[in-house]
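Me: Can you go through this structure with me? I'd like to start with how the parts of the chain hold on to each other.

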Amino acid sequence: MTTSPFLIMNNIEKAFNGVPVLKKVSLTVVEGEIHALLGENGAGKSTLMNILGGVHQPDHGSIQIKGLDVKMSNPRVSQEQGVSFIHQELNVVADLRVYENMFLGSELRSKLGFLKVEEMCRQTSEILSKLGVDINPKEYVRNLETSYKQLIEISKALLHKSKLIIMDEPTTSLAEHEVKRLFELMRNLKKSGVSIIYISHKLKEIKEICDTYTVLRDGELVGTGSIKNENLDTITKLMVGKSISQERLIQRHSFGPVVLEVNDLSSQGLYKNITFTLRKGEILGFTGLAGDGRTELFESLFGYRKKYTGQIKINNQLVKIDHPRKALEAGLALVPKDRKENAIIKDLSVIHNMSLSSIGHFEKAGFIQEKKEKDRFHYYKEKLNIKVHNPRITIDKLSGGNQQKVIIAKWLEVDTDIIIFDNPTQGIDVGAKHEIYQQIVSLAEQGKAVIILSSEAPEVQKVCHHIYCMYQGEITARLKGEEATEDEIMSYATGSKREAANIG
Ligand SMILES: Nc1ncnc2c1ncn2[C@@H]1O[C@H](COP(=O)(O)OP(=O)(O)OP(=O)(O)O)[C@@H](O)[C@H]1O
Ligand SMILES: [Mg+2]
């Protein structure tokens, strides 16, 4: 393997509306290395990559590929230079089929100009199967789970036989199992001389897969070096500017009455015989792989999916929820995963995105009480360290993680008895993650009942009283949060182990 630099970015500067977000940032990536790009939410990681990918132009600075100056004037130029970009916000087209997404803009055609559909499907299947994904290449992307969409986005980059692949938080929707497969693939790419820039807030992943790192803080380069020589605490400190509390969250151990009772719920092809209860003050976790059915299960509870058998009781009353509005009236809130598709309203300001679901709190005689709204916003801005200069700008101008923080804040304000969070800390930096867990625990302390759906075992271990593992639509185990080990959770979630009947 050679060690010559494939990429050098030199003193890159960038400002948006006069606010500098990158200040003389340099980055060198050697051939065949996996380089971690680290930093808190809003540090400038995606912006730097958008400059490399030709999405944004730098105000100053230069880029060299293999020693030659290049100007990445648009994404196509960047791709021609051998750079592929897996975007943080998924970039797949819902109304196209899987293979059409894969070959969008580079369709295979016969000499006569006909599309070679079967050949594209074959290549699509080949790459997907390397990632361990079994989906029909002709399936419409809109019908797929988020994690599959993410896997398609990754496969798309692999198809182009690039020399440098930018992975901007590629694993936010993936379960451990899928992450392992991706890492295997990354190691193979590395062997063949491909370089990877890897952005993630999951430090365990960084330690496992990356060779080198660069840390940004508030748009400035604060450190770079070899991962092996550094321990993760040092790197975290560089990112956050302080040490992160590792303390376990303190939880209550006595609960109130049952508020939610789910009895033998089934929906064909999605989930089967689901039975569990949730009590006031309790936090339950549901975890599993892609296709485990947990998202669909809770979508049914919330009235997004109507076809199911079995019973749902809220506060001892049998309910049949056929519309999300009814769910809210019955005291149930669902924080959807995948903020881009389900949660944010792009053209609305940051502050209004936050107050949207709890507008009643800020309203008096038909008027929004702006001061109260602003005070709550500032409370969360500080608590969750939301980086925003002006809360009146549209939310799409925030970094991915900061958008997510606003969404979480919005739901922390909602006053329902039961709150379900689907993948709540997607893309959140290590510092704010702990703060969000803390906020969730304090909701339970105030007597709310909480359910967390997550593909990250450490997340459910940390905050949940009980963990339900699901595999292919069925509950395979109910474990005590504080006792469950990651390996145990994994073996139930991959279906290699299963508890005796009558879980629930
Ligand atoms: N199009 C834009 N207009 C205005 N400001 C922007 C725009 N894109 C990014 N910013 C700002 O630039 C800063 C850096 O954002 P960036 O998306 O690069 O952060 P990041 O390090 O990728 O964070 P995260 O981990 O949350 O994804 C943020 O303060 C963000 O609000
Ligand atoms: Mg980003």
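Reply: Between domain 1 and domain 2 the count is two salt bridges, a salt bridge being a side-chain nitrogen of Lys or Arg within 4 Å of a carboxyl oxygen of Asp or Glu. In one salt bridge, the side chains of E486 and K204 meet at 2.9 Å, N to O.

Me: What kind of model is it, and how are things numbered?

Reply: This is a predicted model, where local features need pLDDT of at least 70, side-chain atom pairs count only at pLDDT 80 or more, and totals for chains, interfaces and linings use all residues. Residues are numbered from 1 along each chain as its sequence is written, chains are lettered from A and ligands numbered from 1 in the order in which they are written, and side-chain values use heavy atoms, with hydrogens and water left out.

Me: Where do domain 1 and domain 2 run?

Reply: Domain 1 covers 5-240, and domain 2 covers 246-331 + 449-504; the bounds come from an automatic or database domain assignment.

Me: How many residues of each domain are in contact?

Reply: 12 residues of domain 1 are in contact with 13 residues of domain 2, contact meaning heavy atoms within 4.5 Å.

Me: And the area buried between domain 1 and domain 2?

Reply: About 910 Å², with carbon and sulfur atoms giving 52%. Buried area is the accessible area (1.4 Å probe) that two parts lose on being put together, summed over both. In domain 1, E145, E176 and H177 lose the most, together 49% of what that side buries.

Me: Switching topic: is T287 buried or exposed?

Reply: T287 is buried, at a relative accessible area of 3%. Buried means under 20%, exposed over 50%, and partly exposed in between (1.4 Å probe, protein chains only).

Me: What does the side chain of T287 reach?

Reply: The backbone oxygen of S454, at 2.7 Å. Setting aside neighbours within four places in sequence, T287 is also in contact with other residues, including D292, R294 and I489.

Me: Back to salt bridges. How many are there in the whole structure?

Reply: The search finds 24. One of these pairs R305 with E299 at 2.8 Å, N to O. R305 is partly exposed at 31% relative accessibility, and E299 is partly exposed at 22%.

Me: What about K405 and D429, buried or exposed?

Reply: Both are buried, and their side chains meet in a salt bridge at 3.5 Å, N to O.

Conventions. A polar contact is a pair of N or O atoms within 3.5 Å; within protein, one must be able to donate a hydrogen and the other to accept it, and residues adjacent in sequence count only if both atoms are side-chain atoms.
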